[in-house]
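Welcome, and thanks for taking a look at this model with us. Please have the sequence and the structure open as you read the briefing.

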Amino acid sequence: MSKALLLFFLLTASFSLGAQTFSVSGNVTDAENNMPLPQVNIVVKGTTKGVVTDFDGNYIIESVSTGDVLVFSYIGFSTREVVLGTQQTVNISLEPNYENLNEIVVVGYGSQVKKEVTGAVSSIGAKTIEDLKPLNAAQALQGTTSGINVTPQGGAPGAEANIRIRGIATNRNNAPLIILDGFQYEGGLNSINPEDIENITVLKDAQAAIYGTIAANGVVLVTTKSGRKNQKPKIQYDAYTGIQETTRKLPVLNATEYAVLLNESYANAGQALPFPDISNLGKGTNWQDEVFRQAPVTNHNLSITGGEEKIHYSLGASHLDQEGIIGGDKADFRRSTARISLNADISEKLSVSTKLFYSRVKRHNINSFSLGSVLFNAANIAPVIDPSTANLDNTISLGNEVVNPLTQIDNTFNEYVTNRLSGTIQATLKYIRNMELQARFGFNTSNSRNREFAPIYNYGAGKIYTRTDNMVTLNKINDNDYTFDLFNTYSNVLADHHKVTFMLGMTAYKQYGEGLGGTRTGVQANSWKFADFNTATGSGDNQTNNSYAYDLRRLSYFTRLQYAFKNKYLFSAMIRRDASTLFAPEHRVAYFPSASAGWVVSEEDFFNDTGAVNFLKLRASYGVLGNDRIPTFGYLSLLNGEATYVLGNDQSLVNGYALGRLANPGIKWEEAKKFDVGLDLQLFDNKIEIIADYYRNVRENLLISNIPVSGILGTGAPGAEGPIVNAGTVENQGLEFAVNYNQTFDNGFNISAGYNIATLHNKATRVNNGTGYYEGGAFSVGQPMPARMEVGKPLGYFYGYRTDGIFQTQDEVETHPSQKALGAEARPGDIRYVDVNGDGVIDAKDRTDLGNPIPKVTMGLNLSLQYKGFDFSAYSFANLGNDIVRNYERDQPNVNKMNYRLNRWTGPGTGNSVPRVTTEPTTNHVFSDFFVEDGSFARIQSITLGYTIPDSFIKKSGLEKFRIYTKVDNVHTFTRYSGYDPTASSGDPIGSGIDYGFYPVPRTYIIGVNLQF
Amino acid sequence: MKKTYIYSLLLTTAFTTFTFTACSDDFVEVDPRYEISSGNYFNSEDDYYNALLGTYDILQSTYVNVILGEIASDNTHAGGESATDVIGWQQVDRMEHTPINDNLDDIWDWNFAGVQRASFIIENQDKTDFEGKEQLLAETRFLRAYFNFELVKWFGAIPMKPEGQFVLGDEAIVPRSPVSEVYAYIESDLEYAVERLAVDAPETGRVSKGAAQALLGKVYLYQDKFDEAAPMLNLVISSGKYHLYGTRQGEDYKDLFEYEAENSGESVFEIQYTGVQGAGFECLQCSEGNVMVGFSGIRNYSGPVFESGYGFNLPTEEAYNSFESGDLRRDVTVLDIEAWVSETGASYGIGNTDPVTGHTGYYNRKYLPRINDNEGDANLTQPNNYRAIRYADVLLMAAEALVRGGIDEVLARDYLNQVRERAGLGEVSASGNVLLEAIYRDRRSELMGEGHRFFDLVRTGRAQGTITGFTAPKNNIFPVPLEEIQFSQNTWEQNPDY
């Protein structure tokens, strides 16, 4: 084949010898930074004659004549044509092309040119990640992509982030599938060095059906950096260091205010004043100041890339060291990563590539985001207590959970280490023209070891953290998985106009691993230093050990056809067949089809090329995707419940067997039916890009695990739980709109700006367990669950009592339905609850919808400017219309209060929003809208200012680039929410938006350098 | 060219073959690793024994029947941190409970869990034969009867399925059987147990023949079947296996509820607890400790003898004063905290101050946490065993049956006076209604704090007028949890007036 071509070239060449020919050489550079451009295609127009530039950007092309036209083209740059005169040197520079339509978009088991993509896709490139420099790559998606909501699980170092694509569709695991360089990656984005990432692409619609039963929550495709052919070795070193601080401290009362309020509450109940003399109390201890501190963060990143003709490579290493703004090194995160990427052309037909990633994460944790957490205690402990008081016995009684948060930090000892090796090896064989066979093996293996130590400590009588013996807990966990892909792609252009790509393939996936753990008491010297089984001498039943193992598999076949007619009419269809270990044999196999189509209107003849519109594409997609993220073996009855009793004269524990989760042999995968219509538009010389979508996703056969069922089935037994049932339907629909603007002016000033907005309407349309609802979350202590999934309501909406101001007089109390059923008779100054069902009493039946944690609108606004050596970028985002439950105020008479309590009711006409203070029994603490706040916010995520030192200053030093920058992360949040951070969320679909004292995401001031050699 | 073509064809064929045959769906057929599934169980004596342990395990969760039974009665206030702390208990204390009550739901769920675990064994009783199987099955039947008896006491009519476990969907098909049928079912399980159980339990903590006889006698008494109750209870008394603690050498009545008197000669049936394993709030029924004890503890207590707790289940002043003067039982049963504080210098905290449900100054001393080295959360892992059926209870039940059945007042007085004598009180010589009243009064004094009072008042028709807010017949039983009615798709009707 190629021999024939060569012969043809030679013949053509010899025929043209007759004309007057000469050779032209020159150099091609990037107009923006004057760097040489390798691999630029240069062809003589109208012929097949062509060359490419070498890695210094040089080229030489033989046998051309005057009047020939040289066409210079390179992906990402505007194509230029040069008519040859008689000159023999043509040096040109290419302008970067922001139209992006020729960008390659990965779509799973292949890629597509952006202008031909028919699905809803969002992507961010290295530039965005470079600007944002997130600690966790997931954060780079927040505000920069429409319809994708990223919420951190807290500001604690190393906290993962929850990514939600187009709303919340299931009551369990809403996390999207992460595909790292082609293979399923279960390590969390936190274990990947963000600076290794070239591109993150998110498949938001039915196009993700190529991933079948795992794709219903959307797919995040992460592509890491690799080298390029014919590229001079490039060494890059980036480093930054910064200081983190809290963005907010809760406005709690100082000691005098506290004592005044407490005295009033005791007096109101006719009790003796706890602080008869308040004159010497002063401000007391500000526990907020005590627990928060400034904490450092540093990061180093080194990478080397380069390439020869047949081989190219990229190496990288990084180290991140972050301390916590609470607890310092008791709550830190260290991540070291190393990677290598190597591509080699073995022959013209066969190429191989491999990527390997290693990461080591070591962290320490403090108790956060729960009742009894450090911040919860800092908000509730009395300001009259001195910070050095470790045992609260002789201080005012604060209930059993509230302890000194500083002592709590001091007594926290743990260490979590995860070593992970992941990688992929891939071979591509172009065995015949238009046919390409790819085999790929990707793997993850991780080893975790956790060590926790709880010392003997007396926080005070009855305190839940008081321990009379110490305990060391060790866990060793090994998790592995591999993905084997084999797929064959045929692509061709038939009869000039019919571009066809057909792919057929299979994937085998296996996840397996085991864990071993145990506990021992009697640790030597009650010290973390000796916290090991080896030095623990305890005896008795608290010397425990446990182990587990698992093996889960999935086998998939899939095929996809992509067809384009004259680049105008685009069509794509795919189907995937999955078989999964998670389901009973008769329900094991599922099929997931999808189809999409596009119409490039701007390619039509009737379309006026010279107008403002450069490109217009309409597209639509529909398909069925699956979700199988459920606990394993739900179809089997297993004897893994708890069966422990006490028998014998020595009263020792004996263990038997009992049934665990109630089996449901009929469970099958969840089905997500996704519909999307959208348009892609480019205007004004491609300076403006607009992407708009409407989507409607219906998640059917929702797998609800531990679904409440009748107690007669025994699900109340220890270790038992409700079955996994396909029992719900949830709808998400919304509009997404994104506009991007990019322009470079003649003087070199470049501006790019992006704005996106997405709406979301979420509701459950079926909960099929007899009750029509499913509960979750927690509020205060001993109260019913406050969040629900219920037909007709958004997932996880808040369910409690509606308030109607404060009773001003006894008269008002008496004319209102009795509130006694809530726990106490009302008095003037108490909250008045609404008799929602109008039955004349206030009781549990009056609970109603108090709001929901899902934002109705999310948006992002980003700006970046470049002029001469200066660069500036600012990123921001906003969530509107979500509610948050304030749940960090302990319902106990003597704990400290937020300062809004100063506005309490003190007599008729003194206020209609904050109830009286009293130690009398009241029902003011039951879950009501008094505790629900508007959680809307807008946040300036990051502002960066950088300066690149001109070449002339650094050339001699051998540097190619030297940039310094300063950056502020989490600059400011505009919100009316009174808690630490309106992003507070547990991430649980039912029970999210309940704030137990959220570890706030810190504000960080950073300076950094980028060096390139 | 040709070679390439053939090569390609071969590859394509190999690819297709490999993909669609070599790697078949067998790949995903994996059994769970190191797990036992129910289809592969009940193959040996050990399997039956281990499943029986799972049934015994549920007894520990009946702590809630005891504490809430006590709160429901006129003996105690709900207490707790505030008037809304464990709101379901507060509502029961005020007799204002509705079908929406998580804590009543616990009683339904946990006791049915016990029924279900017993039925798991019973439905597989014929799978494997071995020597001693009847003993294991008899224990299983006893336990099922125990849980069903609790359920019928609390909720009246309940769904039943004697042949085996309820399966998903049964809740919408199996109706609630009338109380009389439930009792017949309980009686048949207990008759089976009485006939086959060994006189002496195989291990401390397991069921003996006497326990089954005592429970059956109690079940008869609850149905006013005095003619059957009296002889059955007499069998327990005449067996010679039991005695009142403190009446033998080396025993002191004051220690009856201390650790040293656990599984004593007075225990006919005792539920076993230990503090050696930790527990958490997310699964109270999983604790191996007696959760009731920590919940009954004195708030923020610091001092001798006792450990701190949550301050629920507080005896009322009226209950404290209901003891005859000189009754040794008063100070064993109720702790007067102020007296204790001035005696020992201990300190404590007060939670709920509501006049109806709050602080009284008294604590349920029988089941207060004692100083011990139980695991955390120490409030949930107190090791105090619950004396479910005491010999004193058997004597008083027998006395009551003998009087109410008009069978033998002499014997009844003898039984009553045995109990009174141990309490340091003089003999009763009355007869007829006066005798019965004396039995009732001693029953309250003897069993206060042990969860029997509410049901004794109900079954004898004395609840209305004694328990504030109690309305008969509505409050004779508790409402079926609303969710349960919904799960049953209205196959089950709510109890009257709820």
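Into which domains is chain A divided? In this predicted model, chain A is split into domain 1, covering 2-94, and domain 2, covering 104-231.

**The domains of chain A**
- Taken over C-alpha atoms, the centres of domain 1 and domain 2 of chain A are 38 Å apart.
- Each side brings a few residues to the contact: 4 come from domain 1 of chain A and 4 from domain 2 of chain A.
- On the side of domain 1 of chain A that touches domain 2 of chain A, there are 2 nonpolar residues, 1 polar and 1 charged.

**An open sheet in chain A**
- Here 3 strands of chain A line up as β4-β1-β7 in an open sheet with mixed pairing.
- From one strand to the next, the twist averages 35°.
- Strand β1 (residues 22-30) of chain A runs parallel to β7(A), and 3 bridges make up their pairing.

**Chain B as a whole**
- Chain B has 18 helices and 10 strands.
- Along the principal axes, the C-alpha atoms of chain B fill a box of roughly 115 × 50 × 50 Å.
- Chain B has 498 residues, and 55% of them count as buried.
- Of the contacts in chain B between residues at least 6 apart in sequence, 69% link residues at least 24 apart.

**Where the chains meet**
- The contact draws on 94 residues from chain A and 88 residues from chain B.
- On the side of chain B that touches chain A, the elements giving two or more residues are α1 (2-22), α2 (45-59), α4 (87-93), α5 (102-122) and α18 (482-487) of chain B.
- That side of chain B comprises 36 nonpolar, 31 polar and 21 charged residues.

**Nonpolar cores**
- The largest nonpolar core holds 303 residues, and B:L215, B:L233, B:V394 and B:A398 touch the most other members.
- Helix α6 (residues 133-155) of chain B gives the most to this core, namely 13 residues.
- Setting aside neighbours within four places in sequence, B:L215 contacts B:A145, B:Y146, B:L190, B:F269 and B:I389.
- Another core, of 10 residues, lies apart from the largest one and includes A:V28, A:V40, A:I42 and A:L94.

Note on methods: Residues are numbered from 1 along each chain as its sequence is written. Chains are lettered from A and ligands numbered from 1 in the order in which they are written. This is a predicted model: local features need pLDDT of at least 70, side-chain atom pairs count only at pLDDT 80 or more; totals for chains, interfaces and linings use all residues. Two residues are in contact if their C-beta atoms, placed from the backbone, lie within 7 Å. Helices (H or I, at least four residues) and strands (E, at least two) are DSSP runs, numbered from the N terminus. Ala, Val, Leu, Ile, Met, Phe, Trp, Tyr, Cys and Pro count as nonpolar, Asp, Glu, Lys and Arg as charged, and the others, Gly among them, as polar. Domain bounds come from an automatic or database domain assignment. A nonpolar core is a set of buried Ala, Val, Leu, Ile, Met, Phe, Trp, Tyr and Cys residues joined through C-beta atoms within 7 Å. A residue is buried if 20 or more other C-beta atoms lie within 10 Å of its own, exposed if 12 or fewer, and partly exposed in between; C-beta atoms are placed from the backbone. Two strands pair if DSSP finds at least two bridges between them. Axes are lines fitted to C-alpha atoms, for helices over the stretch in contact, and angles run from 0 to 180 degrees between N-to-C directions.
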